[in-house]
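Hi everyone, thanks for coming. I'd like to walk you through the side-chain contacts in one model, and I'll start with a question as soon as it is on the screen.

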Amino acid sequence: QLQLVESGGGLVQPGGSLRLSCAASGFTLNSYTIGWFRQAPGKEREGVSCVRASDGTTYYTESVRGRFTISRDDAKNTVYLQMNNLTREDTAVYYCAAGVGPTVQRNQRMCFKPHLHDYWGQGTPVTVSS
């Protein structure tokens, strides 16, 4: 059974850090393009970061560039999202997703399209508040 499980969310003060994990079972994560998405209350799901399967190229949405880092540990079959200098605007449920094939990894715009990802985790909530 193919499964993604996120962990690492929680409550953090503004300026703090969290590291989210996305662990895969039933398939090899580095064969897939992995995206991190988030959805805040009342808003659409948005792409935050991606790492391409083919060459490890990473993408970031403008609002997190320089603060968030996506990385992949093939030995652990896990992708991470290190989030630093968090702000209240980062509050959301964070999801990881896996997509296969050339389309999803063609460029950032494609990687941030939720419908191009085949497998999704259940989400982990992140709340940034003082």
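Here it is: which residue forms a salt bridge with Asp74? The partner is Arg72, and the closest N and O atoms are 3.2 Å apart. By salt bridge I mean a side-chain nitrogen of Lys or Arg within 4 Å of a carboxyl oxygen of Asp or Glu.

Before going on, a word on what we are looking at. This is a predicted model, so local features need pLDDT of at least 70 and side-chain atom pairs count only at pLDDT 80 or more, while totals for chains, interfaces and linings use all residues. Residues are numbered from 1 along each chain as its sequence is written, and side-chain values use heavy atoms, with hydrogens and water left out.

Asp74 has 42% relative accessibility and counts as partly exposed. Arg72, at 29%, counts as partly exposed too.The structure holds six salt bridges, so let me show you a couple of others. Asp55 and Arg52 meet through their side chains in a salt bridge of 2.9 Å, N to O. Asp55 is partly exposed, with a relative accessible area of 46%, whereas Arg52 counts as buried at 16% relative accessibility.

Then there is Asp90 with Arg38, a salt bridge at 2.9 Å, N to O. Asp90 lies in the loop between β8 (78-83) and β9, and Arg38 in strand β4 (residues 33-39), so this pair ties together parts that are 52 residues apart in sequence. Strands here are DSSP runs of E with at least two residues, helices are runs of H or I with at least four, and both are numbered from the N terminus. Asp90 and Arg38 are buried. They also belong to a network of salt bridges that links Arg38, Glu46, Arg67 and Asp90.

Now for the sulfurs. How many disulfides does the count come to? Taking a disulfide as a pair of cysteine sulfur atoms within 2.5 Å, the count is two.

One of them joins Cys22 to Cys96, with 2.1 Å from S to S. The link of Cys22 and Cys96 is right-handed, with 70° about the S-S bond. Cys22 sits in strand β3 (residues 18-25) and Cys96 in strand β9, so the pair ties together parts that are 74 residues apart in sequence. Cys22 and Cys96 are both buried.

The other is formed by Cys50 and Cys111, whose sulfur atoms are 2.1 Å apart. The torsion about the S-S bond of Cys50 and Cys111 is about -105°, so this disulfide is left-handed. Cys50 lies in strand β5 (residues 46-51) and Cys111 in helix α1 (residues 108-111), so here the pair ties together parts that are 61 residues apart in sequence. Cys50 and Cys111 are buried. If you number the bonded cysteines of the protein chain in sequence order, the pairing reads 1-3, 2-4.

On to the rings. A pair of aromatic rings is described by the distance of the centres and the angle of the planes. The rule is that rings of Phe, Tyr and Trp (its six-membered ring) pair if their centres lie within 6.5 Å; planes under 30 degrees apart count as stacked, over 60 as edge-to-face, and the rest as tilted. That rule gives five aromatic pairs.

Among them are Phe27 and Tyr32, an edge-to-face pair at 4.8 Å centre to centre with 70° between the planes. Phe27 counts as buried at 10% relative accessibility, and Tyr32 is buried with a relative accessible area of 13%.

Another edge-to-face pair is Tyr95 with Trp120, at 6.4 Å centre to centre and 75° between the planes. It links distant parts of the chain: Tyr95 is in strand β9 (residues 92-99) and Trp120 in strand β10 (residues 119-120), 25 residues apart. Tyr95 is buried, with a relative accessible area of 14%, while Trp120 is partly exposed, at 28%.

One last stop: what lies over the face of Tyr95? Arg45 does, at 3.9 Å from the ring centre. The charged end of Arg45 also sits over the ring of Trp120, 4.8 Å from its centre. The criterion for a charge over a ring is that NZ of Lys or CZ of Arg is within 6 Å of the ring centre and within 35 degrees of the ring normal. That leaves us with Arg45 placed over Tyr95 and over Trp120, the two partners of that edge-to-face pair.

Notes. Buried means under 20% relative accessible area, exposed over 50%, partly exposed in between (1.4 Å probe, protein chains only).
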